[in-house]
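Here are my notes for you to read alongside the model. Take the points one at a time and find each spot as you go.

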Amino acid sequence: MNKLLTISQSPHIFSDHTIRKLMLGVILALVPAFITALIFYGIGVIIVTSISLISCVLFEFIIQKYILKSEVRITDGSAIVTGLLLAFNLPSNLPWWIIIIGSLVAIGIGKMTFGGLGNNPFNPALVGRVFLLISFPTAMTVFPKAQGWNTPYIIPVDKIDALTGATPLNLIKEGIKSGRSVVELLEINNLNYSDMFLGNIGGSLGEIAAFALLAGFIYLLIRKIITWHIPLSVIGSVFLFTGLLWIFSEEGHNIISATLNINLPLIKFKDANEELKVFHMADPIFHLLTGGIMLGAIYMATDYVTSPMTHRGMIIYGTGIGVITVLIRVFGSYPEGISFAILIMNGFVPLINRYVKPKRFG
Amino acid sequence: MLKTFLKGGVHPPENKLSAKSKIKDLPLPQVVRIPILQHLGAPSKPVVEAGDQVKAGQLIAKSEGYVSSSIHSPVSGKIMKIDDFIDSTGYKRKAIIINTEGDEWIENIDRSKEHIKEFSLSSEEIINRILSAGIVGLGGATFPTHVKLSIPRGKKAEYLIINGVECEPYLTADHALMLEHGEELITGIKLLKKALKVNRALVGIENNKPDALKHISALALNSNGINVYALKVKYPQGGEKQLIKALLNREVPSGGLPIDVGVVAFNVGTTYAVYEAIQKNKPLFERIVTVTGKSVKNSSNFRVRIGTPVSALIEAAGGLPENTGKIIYGGPMMGKALSDLSVPVTKGCSGILILPENESSRKKTQPCIRCSKCVSVCPMGLEPYLLMSLSQINLFDRLESDKVLDCIECGSCSYICPSNRPLLDYIRLGKSAVSKIIRTTKQ
């Protein structure tokens with residue numbers, strides 16, 4: 001035989017997993033939420049998503065090719081996922097130039113400054129989103145009212161009040177400040193759970209439809225792209241923590257007394273002016289269905305690079321995200337806190353990896 | 001529900017191409033080369049010289065020390081020389097080279113096909129016969145069998161485990177053996193039970209061999225204290241520690257041996273060799289080897305004399321395919337890639353696998369995306385991604401505290417990695433560096 005044989009260490013066979021296939025799986029899982037967004041918000045969804053996606057890929061290409069002069073890796077699909085997730089965290093009427101700034105921050109600062117894929121400590125899409133939220137607070141918190149395909153991308157200045165609105169979380173938070181109860185607020189703002197579940201509410205374009213995000217979750221689980229540990233510990237801890245707080249609120253007190261047919265004393269708190277006040281709070285289901293819990297728990301917190309390596313670590317990380325989110329939502333000044341919560345817990349990941357080890361055999 | 005081990009594991013495509021192939025005798029090769037180190041432990045010491053005439057079964061190298069093994073001539077003929085020759089590790093090692101003349105066996109070997117059930121030997125006699133027959137673990141670890149059978153002071157064996165898992169893809173040697181020599185295996189199990197003085201033997205067979213499972217289960221029904229278990233197909237279930245976990249839910253402690261949890265485990269090939277050594281007086285000088293590959297004409301199971309060159313096996317399976325890129329000595333997950341086809345088959349060789357060119361090279365390494373798949377599949381509960389980086393930066397104390405020495409080198413991490421990272425290669429480097437440091441500090 002005059003042909004040379006290949007020599008290598010074992011193993012000699014390999015699975016067909018590739019980064020590209022995993023990223024493609026994530027992209028497919030996001031399709032239902034994208035379609036639902038399209039149904040409610042129309043053309044703006046396509047515009048915002050394409051600008052974000054194209055600019056993220058382009059920035060990665062430019063940085064890798066011309067600044068770092070390294071190998072161009074845009075085909076691995078990770079920049080596409082970052083672009084998609086950034087868009088999912090933006091209002092569907094956000095001006096194009098703000099989106100481009102967000103992409104630049106996400107890819108440039110969030111990812112490439114740390115050495116590119118695999119080395120960034122913080123979720124790039126969330127770095128971009130939070131940068132925009134702080135820099136353009138109004139543009140980032142006013143959302144178009146869902147009018148289906150006819151929802152305009154550019155809303156005329158004179159119609160802004162009529163055609164835009166806030167998220168349910170924001171409406172409730174502001175309402176509670178003015179002393180109203182959640183039951184009252186839900187009625188005034190015409191909010192109900194089926195609309196929240198289906199996505200007929202105000203919010204970032206990818207976060208509104210809980211059912212579509214859950215469908216994607218099931219797909220990700222079946223394809224074994226992610227495990228249940230992070231999403232369920234985020235969702236579970238948000239449910240438990242908001243539930244615990246809710247029991248002490250007037251809303252929770254009323255429902256519990258009515259269903260159990262007992263007369264519990266209503267707990268009152270002294271506020272800064274030494275006045276006795278009742279505590280108002282939305283129930284756990286409301287908290288799960290509104291805002292970014294589903295998007296954050298299933299797609300943002302599970303980002304491979306910025307989440308822990310062991311299952312126990314993932315549960316600690318997910319629970320931390322849930323608790324911080326609820327703290328910000330209920331006691332903080334922002335109506336929504338999942339982006340901050342994920343970024344904060346991202347910072348703890350190296351520590352978690354260092355001290356939370358898998359259970360060794362033997 | 002089928003039994004299996006819980007932590008980690010992968011399920012590569014099984015590709016058991018030769019599962020339907022009956023065991024065929026390979027024609028005797030012209031020349032056999034018998035390395036004097038075919039087992040774990042000290043090399044054997046040759047007791048023959050160039051020019052000597054030998055018969056098949058005759059002792060040609062005796063064991064040197066306790067953890068060592070004897071080697072017997074696989075053929076009759078003339079010793080040509082004792083010289084260095086390349087073996088499966090790729091290194092040149094001392095080997096006894098014999099020119100085959102006829103096929104004459106030493107007189108006391110029973111060459112009939114008759115199955116001899118009865119035996120009246122004591123435990124010590126059985127162990128001594130196993131020692132003198134040169135039997136080592138035929139699953140691939142090649143640990144001398146008599147050492148495993150001699151229970152250290154203060155320990156007690158409760159269970160004998162017989163490993164019929166054959167979890168490596170492609171390989172079918174154990175499968176064929178269970179189908180064709182089931183009766184002898186049962187007698188072998190009884191001999192091992194007697195040697196260990198245990199009452200219970202558990203046979204583990206993966207569920208992808210239903211015919212072998214049925215056959216061995218039916219035979220075991222007539223014998224007391226032998227239970228056969230079907231196991232869910234999962235690699236590396238044939239690993240001793242994983243098999244004990246699957247069958248008994250006991251975990252061999254880190255750095256410990258199966259006897260620490262009251263278990264001694266043997267491969268079915270070893271069990272058959274024990275039967276032959278005791279009931280037929282036949283030392284270990286041949287074994288079953290699978291020759292297989294997707295492009296191989298006739299993937300088959302052969303009965304092969306030790307020392308036969310790999311090229312002769314490939315010839316018998318229909319020759320080397322045009323598109324050959326890699327030849328593996330053993331299975332695809334743990335086998336060694338060969339550089340030379342004249343490498344002889346030794347006691348630990350369970351298969352020869354021929355991979356086509358398009359499956360021979362590794363794909364390009366990508367950055368680690370920390371997907372944690374390597375952590376999930378590690379059957380020992382280690383963190384391969386971390387061990388690799390620690391190994392790259394020579395942090396030996398952390399390698400040790402993160403249990404690098406527990407690694408069984410099953411290759412599940414490298415198999416699953418979506419970034420094609422050479423995890424196991426670096427872990428091996430780290431492992432050998434750490435054990436070297438431990439050895440030198442102990443001295």
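**Notes on the two chains**

1. Let's start with B:Glu166, which counts as buried because it has 31 C-beta neighbours inside 10 Å. (Buried is 20 or more other C-beta atoms within 10 Å of a residue's own, exposed is 12 or fewer, and partly exposed is in between, with C-beta atoms placed from the backbone.) B:Glu166 has a phi near 45°, a positive value in a residue other than glycine. You'll find B:Glu166 in the loop between strand E9 (159–164) and helix H3 (173–180) of chain B. (Helices, H or I with at least four residues, and strands, E with at least two, are DSSP runs numbered from the N terminus.)

2. Before going on, a word on the ground rules: this is a predicted model, where local features need pLDDT of at least 70, side-chain atom pairs count only at pLDDT 80 or more, and totals for chains, interfaces and linings use all residues. Residues are numbered from 1 along each chain as its sequence is written, while chains are lettered from A and ligands numbered from 1 in the order in which they are written.

3. Now try A:Lys69: buried or exposed? A:Lys69 counts as exposed, because it has 8 C-beta neighbours inside 10 Å. Its phi is positive too, near 50°, and A:Lys69 sits in the loop between helix H2 (43–67) and H3 of chain A. Most residues other than glycine have a negative phi, and most peptide bonds are trans.

4. On to the cis peptide bonds. One joins A:Ser10 and A:Pro11, with omega about -5°, and A:Pro11 lies in the segment before helix H1 (19–41) of chain A. Another runs from B:Tyr235 to B:Pro236, with omega near 0°; look for B:Pro236 in the loop between strand E11 (226–231) and helix H6 (240–248) of chain B.

5. Have a look at helix H4 (residues 182–196) of chain B, where twelve of 15 residues are buried. Among them are B:Leu185, B:Ile189 and B:Leu192.

6. In chain A, helix H15 (residues 293–300) is mostly covered, with eight of its eight residues buried. They include A:Ile293, A:Gly296 and A:Tyr299.

7. Finally, how many residues does each chain give to the contact? Chain A gives 28 residues and chain B gives 52. (Two residues are in contact if their C-beta atoms, placed from the backbone, lie within 7 Å.)
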